[in-house]
Amino acid sequence: MGEQYHVSVMPNECIETLDVKSGGIYFDATLGGGGHSELILRKGGSVVAVDRDSDAIDYVTRKFAKIPEFEGRYKIVHDNFKNVKQVLRDCGINELDGAIADLGISSRQVDDAERGFSYSKDGELDMRMDREQELSALSVVNEYSEEQLSRIIFTYGEERFARKIAADIVRERKRSPIETTGRLSELIQRSVPPRKNGHPAKKTFQALRIEVNNELSGLGEALCDMVDLLKPKARLCVLTFHSLEDRIVKQTFASLATDCICDKSLPICVCGHKATVKQTGKALRPTEKETELNSRSKSATLRAVEKL
């Protein structure tokens, strides 16, 4: 496995916003190549990190084992960050000095054709972040109904040609199962008009990935759970990479930062809701220099809240 597993996006901005303190305990919701966890550890913090991808777990475990000063200050768990409360309970941790969630797909997952995430590299259709789960892109593409495919591609990919793509997939799979990313990508390119910006298959592949990994369901609830675990003045930082997940993060943070969430037509507050966080400022975007060095950072947005 290559030395460059994953390039962290906006690493300095993330760590500065997180305001890492030596001796603090932090939760890394998406370990990936360990970039954010490593920066926290180098600033003297301790980390509990999770990832659904066993490849990431294995890579970072080996990497951190070679750094003596990290010994005893990190715990790496193969799990979904949506189970954050149980994960920390199992580690004997009741509160956090901060948490970070990088919701993007890792560079390794995209670059490894065998993982089946890439529309530009031919490999078996897969897209599972956790390869122990049953549902894969292979089964979605070949077993979902035309109506289901159309809904997923339109909703999760925001693809206006969703119906045409779904119909073409169903027609093509009748000839023989669609088993590779290359064949699916070529089919989609024939299904939609040429585009000036972005690969024609990008939106559909995003939609399939979200469906396979159930990425959006429970995201808002998981963010609330992380906030519940924060100490006063501790921060939660979240990196998003497409409008669907960013909308969930933005709305969740806005709700947590608002005292009353009643219907505005009501004359008085009846919900009793009290703000638990304050937003740390405007959302941050990568610098022009970073996007030139790492094109995958272009769509990134960093949002953060601080526990009251």
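Which residue in β7 is the bridge partner of Q279? In this predicted model, the residue of β7 that partners Q279 is V305, and the sections below place that bridge within the sheet and then turn to the helices.

## The sheet as a whole

Seven strands make up an open sheet with mixed pairing, and their order is β3-β2-β1-β4-β5-β7-β6. The edges are taken by β3 (74-78) and β6, each of which has a single partner strand, so one side of each is left without a neighbour in the sheet. From one strand to the next, the twist averages 15°.

Strands of a sheet pair through backbone hydrogen bonds, and the pairing may be parallel or antiparallel. The parallel sense is found between strand β1 (residues 25-28) and strand β4 (residues 96-102), which are joined by three bridges; within this pair, Y26 has G98 of β4 as its bridge partner.

## Strand β7 and its neighbours

Strand β7 pairs with strand β5 (residues 230-240) in the antiparallel sense over six bridges, and L302 in β7 stands opposite L239.

Why can β7 be called largely enclosed by the rest of the structure? The reason is that seven of the seven residues of this strand (residues 301-307) are buried, where buried means a relative accessible area under 20%. Both faces of β7 are covered, with T301, R303, V305 and K307 buried on one side, and L302, A304 and E306 buried on the other.

## Helices lying across the sheet

Helix α11 (residues 219-229) lies across β1, β4, β5, β6 and β7, and its direction is at about 150° to β5. Helix α12 (residues 243-256) lies across β5, β6 and β7, where it runs at about 20° to β7.

## Helix pairs

Two packed helices are described by the angle between their axes and by the distance between those axes. For helix α7 (residues 146-157) and helix α8 (residues 162-175), the packing angle is about 140° and the axes are 8 Å apart, which means that α7 is oblique to α8. The crossing in which α7 passes α8 is right-handed. On the α7 side the contact is made by E146, L149, S150, I153 and F154, while α8 contributes A162, R163, I165, A166, A167, I169, V170 and R173. By class, the residues of this contact between α7 and α8 divide into nine nonpolar, one polar and three charged.

Helix α9 (residues 181-191) and helix α10 (residues 202-213) pack with their axes 10 Å apart and at an angle of about 130°, and α9 is therefore oblique to α10. Here T181, L184, S185 and I188 in α9 meet T204, F205 and L208 in α10, and the contact of α9 with α10 comprises four nonpolar and three polar residues, with no charged residues.

## Serine 37 in helix α2

S37 lies in helix α2, which spans residues 35-42. Is S37 buried or exposed? The relative accessible area of S37 is 1%, and because the cut-off for a buried residue is under 20%, S37 counts as buried. When neighbours within four places in sequence are left aside, the residues in contact with S37 are D28, L31, V47, A49 and F64.

Methods. Residues are numbered from 1 along each chain as its sequence is written. This is a predicted model: local features need pLDDT of at least 70, side-chain atom pairs count only at pLDDT 80 or more; totals for chains, interfaces and linings use all residues. Side-chain values use heavy atoms; hydrogens and water are left out. Helices (H or I, at least four residues) and strands (E, at least two) are DSSP runs, numbered from the N terminus. Buried means under 20% relative accessible area, exposed over 50%, partly exposed in between (1.4 Å probe, protein chains only). Contact means heavy atoms within 4.5 Å. Two strands pair if DSSP finds at least two bridges between them. Axes are lines fitted to C-alpha atoms, for helices over the stretch in contact, and angles run from 0 to 180 degrees between N-to-C directions. Angles under 35 degrees count as roughly parallel, over 145 as roughly antiparallel, 65 to 115 as roughly perpendicular and the rest as oblique. Ala, Val, Leu, Ile, Met, Phe, Trp, Tyr, Cys and Pro count as nonpolar, Asp, Glu, Lys and Arg as charged, and the others, Gly among them, as polar. A crossing is left-handed if the near helix is turned anticlockwise from the far one by less than a right angle, and right-handed if clockwise.
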